[in-house]
Structures are given as structure tokens and as C-alpha cells.
Amino acid sequence: MAHSTPATKPSKPYPDFPLFPHDTKRWAKKIKGRLHYFGPWDNWQAALERFQYENDYLQQGKRPPPKDAQALTVGQLVNEFIAHRDAKLQAGDLKPITFADYKKVGARVIQVLGRHTAVESLRPDDFAKLKSEISSRGGLMNLASEMSRMKAILNFAEKNFNLRVFTGMAFDKPSRTAIRREAESKPKRIFTLPELQAIYHAADAQMRCFMLLALNGGMGNNDIGLMEPRHIVGGWVDFPRPKTLVARRFPLWKETKLAIEACRQKKHDDFPYLFATKYGNCWAKDIAKDTPIGKEFAKICKELKLHQPGRGFYALRHQFRTVADGSRDPVAIAHIMGHSDSSMAANYTHAIEPERLQAVVDFVHAWVKPMFRKPAKSKADAQ
């Protein structure tokens with residue numbers, strides 16, 4: 001018969017019982033200044049047995065080895081998880097970018113927790129250490145994303161190996177409020193019109209084309225790199241986002257259509273994409289933050305002394321959304337950007353009128369229009 005955890009804190013099963021009932025509903029003991037947990041309240045015998053086995057190691061400041069020499073290690077768990085995700089990738093159920101993120105997080109888990117550490121021996125303080133290491137590498141948004149992927153690995157351990165690991169409260173993701181507060185404290189990730197004007201006229205024809213696609217329909221770096229000729233039909237882009245496969249459709253501005261015709265690559269037999277680098281390669285890359293488009297755009301910004309950390313080519317997608325909000329049609333904007341909608345209302349929305357999509361891109365075009373004029377030369381330049 002399965003044990004049921006008591007609703008109220010239990011007493012010690014006998015006076016000399018070496019553990020105490022912790023508020024997390026586990027038996028615990030402080031050893032060498034650190035709190036250690038040995039099992040749930042409902043099974044004090046198993047908790048005692050675990051304590052008796054681990055106590056000598058903990059008193060020496062060592063990590064107890066697993067009782068079972070065949071116990072699952074962190075390295076084995078990560079390898080099994082990555083193999084599982086690779087199978088989903090090969091089946092087309094996972095995008096290469098997402099797979100690359102999982103591999104990166106898996107490598108970090110192994111680095112911090114130890115490849116040969118038994119999964120069943122992990123404690124909340126291990127995950128507190130892991131969270132601290134992630135926090136040192138980026139902001140709260142990055143922390144929340146990486147923790148979600150790490151928890152996917154732990155969920156995999158529970159579902160496939162019946163191993164449930166207690167991560168502790170220190171491993172909780174940052175709240176949305178904290179993430180918003182951090183975002184508000186940073187410079188806005190958008191450009192002013194004069195900045196866009198300067199960048200646009202300093203860029204070559206192909207980068208101008210990419211900028212137009214980003215501002216016309218909120219397309220990201222890899223979205224543009226993975227476009228194929230078939231994704232443009234009758235002056236409209238009809239291209240589900242590669243990252244999420246959510247449908248996306250929007251009409252092209254006249255300037256964008258002309259730029260595409262001037263820059264599209266000509267060979268179609270062995271190269272499916274609409275645009276090619278000067279070396280004949282794809283402009284997209286598995287690692288979203290390290291794309292060739294992003295690198296080329298950053299070079300221009302640096303030459304113009306407009307570069308800011310965190311404000312790269314992808315900021316143009318933010319720019320589109322920021323300006324488009326003024327059109328007051330959030331459903332049409334979300335469709336153009338390929339945003340998923342999990343609300344109940346989405347179940348009743350099966351199509352969006354082309355006129356609504358046209359109205360949104362026309363509204364943004366009216367804002368962007370001054371960008372097409374050449375910047376006025378300063379007096380210093382004239383002299």
C-alpha cells in the first residue's frame with residue numbers, strides 16, 4: 001500500500017531519531033553547517049536508512065556515491081535526453097534552434113553538477129548553485145528560459161526513469177513581474193527613425209532588403225534566411241515561422257517587392273532558399289543569436305557608432321510590433337508576426353480578412369516612409 005504524506009508535521013518516530021521533520025515535508029538534518037534531506041515524512045524508515053548510509057560521507061564533506069553502482073548519472077541522463085530530442089528533431093517535431101538550445105543547457109548541467117554524479121543524490125543546494133551560475137551569464141529572461149529547459153531534463157528523468165528530484169525553492173524561476181521590471185530598467189530595444197535612416201542608407205542592397213522584410217512584417221534573422229521562393233505568392237508572404245510553425249501572412253510593400261527581386265538568388269536546383277550569402281550559403285544559422293545577418297547588421301551599426309548591446313537586427317522585429325500597435329488590431333498583428341494564441345477566443349478565429357493585414361502594414365509603412373529619404377548632410381560633411 002502506498003504511503004500518504006501527513007497533512008501536519010509528524011513527531012519523531014522515537015526519541016533518539018536523528019532527523020527532524022522539515023517544512024518541505026521531508027526528514028532533514030544539518031551536517032557541517034548545511035541542511036540535507038533524506039526523504040518524505042510518510043516513509044521515515046527509508047529516510048533513516050538513507051541517512052545512515054550517507055552520514056559518514058557528509059561528515060567528511062564528500063558527496064555520497066549511489067548505493068547502486070548502476071544508478072543513473074547526470075551525464076547519462078543528459079545523453080538520454082539529448083538522444084530523445086534528436087529523434088524528435090529527425091522526425092520534424094523539433095526545430096534545429098531549439099535542439100541547439102537543449103544541447104547547450106545539457107552541457108551546462110553536466111559542467112556544474114558533475115558528469116558522474118548520481119541523479120538521485122542531487123540536493124536543492126546543487127540546483128541553487130546551478131541557478132547562480134546561469135544568473136552570472138545573463139539577465140532574468142535568459143535565466144527563465146534556461147531553467148525551463150533544465151526542468152524539461154528533470155521531467156524526462158521522472159517520466160522515463162521514475163526519478164523525482166527535489167530542486168528546492170531557490171531554483172524557482174524569476175517572476176514575470178521581476179522580468180518586466182528588469183526590461184523596463186534597460187534601454188529600449190528599438191531604433192529611432194533617424195538611426196534607421198542612417199543604417200538603411202549605409203547598408204548594401206541585400207541588407208536593405210532584409211531590413212525591409214523585418215520592418216514590413218516583423219521577420220527575424222532566421223525567418224529571412226530560411227525563406228524560399230514558394231513563400232511569396234502574389235505579393236504576399238505566406239510563411240509559417242520556422243521556430244514555432246505558427247501560420248503567418250502579410251502583404252509586401254512596393255519597396256520590399258523591388259528589393260527582393262533585386263537580391264534574390266538565381267539558382268534553384270540545389271539551393272532552396274530565396275537569399276544566399278556571397279559564398280552561396282544560407283543566411284540562417286541554428287544558433288539564433290549568432291546569425292550571419294545579425295553579424296553584418298552589427299558591423300554597420302558599429303561603423304555608424306549606433307551599436308548598443310542587446311540591440312541588433314532582431315530589434316527590427318520589436319520595432320515592427322511597437323509601431324504596429326498603433327493600428328489597434330492586435331489579432332492581425334499577431335497573425336503577421338506568427339504569434340501563437342492559446343486563448344479561448346482563438347478557437348473561434350479561423351481567418352483574418354486580408355484588408356486587416358493590409359491596414360497594419362500600411363500603418364507601419366507610413367511611419368517608416370521617412371527612412372527612404374537620404375539623410376541630410378551635416379555642415380561638417382559639406383565642408
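Q: Which residues does Leu316 touch, not counting residues up to four places away in sequence?
A: In this predicted model, Leu316 touches Phe191, Leu196, Met211, Ala214, Leu215 and Phe297. To touch means to have heavy atoms within 4.5 Å.

Q: What makes the largest nonpolar core a core, and how many residues has it?
A: The term asks for buried nonpolar residues joined through side-chain atoms within 4.5 Å. The largest such set has 50 residues, and those with the most contacts inside it are Met207, Met211, Leu213, Phe275, Phe297, Phe313 and Leu316. Several elements, including α7 (193-202), α8 (205-217), β5 (236-238) and α14 (354-368), each supply at least two residues of this core. The largest share, 8 residues, comes from α8. Apart from this core lies another, of 31 residues, among them Tyr102, Val119, Met150 and Leu154.

Q: Why is Ala170 called partly exposed?
A: Buried means under 20% relative accessible area and exposed means over 50%. Ala170 has 43%, so it is called partly exposed. Ala170 lies in the loop between α5 and α6 (176-185). Leaving aside its neighbours within four places in sequence, Ala170 is in contact with Ala128 and Lys131. The C-alpha atoms of Ala170 and Asp125 are separated by 8.0 Å, with the two residues 45 apart along the chain.

Q: How do you know that the span of helix α2 agrees with its number of residues?
A: Helix α2 (residues 74-90) has 17 residues, and at 1.5 Å a residue these should span 24 Å. The end C-alpha atoms of α2 are 24 Å apart, so the two values agree.

Q: Why can the buried residues of α2 be said to line one face of the helix?
A: The buried residues of α2 are Val74, Gly75, Leu77, Val78, Phe81, Ile82, Arg85 and Leu89. Seen down the axis of α2, they fall within an arc of 160°, so they line one face. Their cover includes α3 (96-113) and α5 (140-161). After α2 comes Gly92, whose phi is positive, near 85°.

Q: What makes β2 and β3 a pair of strands?
A: Two strands pair if there are at least two bridges between them. Strand β2 (residues 26-31) is joined to strand β3 (residues 34-40) by 6 bridges, so the two strands pair, and they run antiparallel. In β3, Tyr37 is the bridge partner of Ala28. β2 and β3 form a hairpin with 2 residues between them, and Lys32 in the turn has a positive phi of about 55°.

Q: Why are β1 and β3 said to stand at the edges?
A: The open sheet has 3 strands in the order β1-β2-β3, with antiparallel pairing. β1 (20-21) and β3 each have a single partner strand, so one side of each is left without a neighbour in the sheet. β1 is joined to β2 by 2 bridges, and Phe20 stands opposite Ala28 in β2. Helix α1 (residues 44-59) lies across β2 and β3, running at about 150° to β3.

Technical notes
Residues numbered from 1 in each chain as written. Predicted model: local features only at pLDDT ≥ 70, side-chain atom pairs only at ≥ 80, totals over all residues. Heavy atoms only, no water. Buried < 20%, exposed > 50% of the residue type's maximum accessible area, 1.4 Å probe, protein only. Helix = DSSP H or I, 4+ residues; strand = E, 2+ residues; numbered from the N terminus. Expected span 1.5 Å × (residues − 1). Arc of directions from axis to C-beta. Axes fitted to C-alpha atoms, helices over the stretch in contact; angles between N-to-C directions.
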